[in-house]
Amino acid sequence: MSTIGIVVALPAEARSVIRQRLGFDSLRELPEGHWLAVAGAGPDRAQAAAGRLLDRKVRALLSWGCAAAIASHLQPGHLLLPEGILGAEGQTQASDPLWRERLARSVPAQLTVHGGYLQESRKVVATRQAKAALHQLTGALAIDMESAAIARVAASRRVPFLAVRAIADPATMDFPNAVTHALNPRGDVRMASLLSHVVRHPSQIAALIALGQAFGAAMRTLAQVRHAAGPGFALPASDQ
């Protein structure tokens, strides 16, 4: 079985891969021999993490975590296995088709799975109007900040690439201002800032609860995929 390098942005997303609590910038070997990197948010951190994993002689790169839907039919907990990643500069990186097909066949039947394209975003897209405009412009179904950078590293090193993304932020939801104000560039939520904002704007509480429920649905989906994909994450023998 080939060694896979898995990149997640946030420690919370890492919990869907391994039960241990990992911090930002962690690099951990999994029981199966794969490597997991907690990169932090954004393309630069994702690129650096992918490079660290390749230094460990991994044979494939997997972008794992959450995404924000920009197409209205994607709901929290839906699974996106994109056929390709649309870069912010207009370039497209394809997912490994055999790996994607094999993983799609392995996921539980009760999950809703989408193909299509994942768009790179360099910032949080916070409003439903902005999400709808981005969907109309690109045709992509969802956005994230890391997968395109990981895909570019994989292409440059000629190793298979796949993105596994669960929807945690539907297109019809405005991202709560409380979270936007409390986020630092790495993706940490500064709790003091969050609580201060909520005290000043208590109407944000309902939006925060809805976001928490959506994130929980995404985490449950990722945990199911992790279990169903098996120790090799469904990487085909031809790519090993």
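Author: Pro-43 counts as buried, because its relative accessibility is 14%; buried means under 20% relative accessible area, exposed over 50% and partly exposed in between, with a 1.4 Å probe and protein chains only. A word on the source: this is a predicted model, in which local features need pLDDT of at least 70, side-chain atom pairs count only at pLDDT 80 or more, and totals for chains, interfaces and linings use all residues. Residues are numbered from 1 along each chain as its sequence is written, and side-chain values use heavy atoms, with hydrogens and water left out.

Pro-43 sits in helix H2; helices are DSSP runs of H or I with at least four residues, strands are runs of E with at least two, and both are numbered from the N terminus. Leaving aside residues up to four places away in sequence, Pro-43 touches Glu-120, Arg-122, Met-145, Ala-149 and Arg-152, where contact means heavy atoms within 4.5 Å. Ala-149 is 106 residues from Pro-43 in sequence, yet their C-alpha atoms are 5.3 Å apart.

Now for the helix around it. Along with Pro-43, the buried residues of H2 are Ala-46, Ala-49, Ala-50, Leu-53 and Leu-54. Seen down the axis of H2, these buried residues fall within an arc of 140°, so they line one face of the helix; the arc is that of the directions from the helix axis to the C-beta atoms. Their cover includes strand E1 (4-8), strand E4 (60-69) and helix H5 (147-157). On the face turned away from the buried side, H2 carries the exposed residues Asp-44 and Asp-55. After H2 comes Lys-57, with a positive phi near 65°.
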